[in-house]
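Please open the model in your viewer and keep the selection panel at hand. The stops below go from one selection to the next, with a short account of what is there.

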Amino acid sequence: MADASKSPQCSGEGATRRGFLGGAATAAALPLAASIGGVAAQDRAPSTNVDAADEPLDLELTINGKPHRLSLDARTSLLDALRDHAGLTGAKKGCDHGQCGACTVHVDGSRVLSCLTLAVMAEGRSVTTIEGLAAPGEALHPMQQAFIDHDAFQCGYCTPGQIMSAVACVREGHAESPAEIREYMSGNLCRCAAYPNIVAAIEQARSEMEKA
Ligand code: FES
Ligand code: FES
């Protein structure tokens, strides 16, 4: 699972798409995929048999509290599964290489780069996207409201990833000062350079989240 904290290239606890694709051509990649993340990777590790690898996998992903049954190529990233198969386009594809943070979502409450995470690795886990951050019909999450209050975006393309990362940043206890926020949000790039407003928004939301 590609951890989105601090560095966009940080690969976190589990298998990444990059790691998988890089190693899948060799048998040595399979023990790696099977041993990480504490999920059913062993059962799901794609076969080296080319024909079998081309067979779609039937997965059930829990996204924003709802089950989604998807039939996917084993190499499908979580980002593509969300956007192209589950119809959830909030997570954005900026670079598709783990460099921008636009694709950040939560898996079991932790931020991950969904472009570097295989969808299969999320089976049996709880995936939260920007669409599920606030309950339907209820008030915006304090982080969403703070981004609006502080005008913390311009084009908005990076914003879903910024908000998902920011929520995790606060929950991790890594938002205690502007300097710490900048450090732990450094994996989320903003081409519009809304950084001062983003830091201000996170400081406001941190106070709100601590009261809740
Ligand atoms: S880091 Fe995933 S799209 Fe850029
Ligand atoms: S608001 Fe445009 S990329 Fe961040």
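Begin with the second largest pocket, bearing in mind that this is a predicted model; the volume of this pocket is about 160 Å³. To find the pocket in the viewer, select Tyr157, Cys158, Leu189, Cys190 and Arg191, which lie nearest its centre among the 14 residues that line it. If you then colour the lining of the second largest pocket by class, you will have nine nonpolar residues, four polar ones and one charged one.

Next, select helix H7, residues 159-172, and look along its length: its end C-alpha atoms are 19 Å apart, which agrees with the 20 Å that 14 residues should span at 1.5 Å a residue. How many residues of H7 are buried? The helix is mostly covered, with 12 of its 14 residues buried, and these include Thr159, Pro160 and Gly161 as well as Cys169 and Val170.

Now move to Ser77, in the loop that runs between strand E2 (66-72) and helix H5 (78-85). Ser77 has a relative accessibility of 1% and therefore counts as buried, the cut-off being under 20%. Display its side chain as well, and you will find that a polar atom there lies 3.0 Å from the backbone nitrogen of Asp80.

Finally, select two cysteines, Cys103 and Cys115. Cys103 counts as buried because its relative accessibility is 3%, and Cys115 likewise counts as buried, at 1%. As for disulfides, a search of the whole structure finds zero.

Technical notes:
Residues numbered from 1 in each chain as written. Chains lettered and ligands numbered in written order. Predicted model: local features only at pLDDT ≥ 70, side-chain atom pairs only at ≥ 80, totals over all residues. Heavy atoms only, no water. Helix = DSSP H or I, 4+ residues; strand = E, 2+ residues; numbered from the N terminus. Buried < 20%, exposed > 50% of the residue type's maximum accessible area, 1.4 Å probe, protein only. Polar contact = N/O pair within 3.5 Å; in protein donor to acceptor, adjacent residues only side chain to side chain. Disulfide = S-S within 2.5 Å. 1 Å grid on protein atoms, 1.4 Å probe; cavity = no way out; pocket = protein on both sides within 12 Å on 5 of 7 lines; lining within 4 Å. Points joined across faces, edges and corners; volume = space filled by probe spheres on them. Nonpolar A, V, L, I, M, F, W, Y, C, P; charged D, E, K, R; others polar. Expected span 1.5 Å × (residues − 1).
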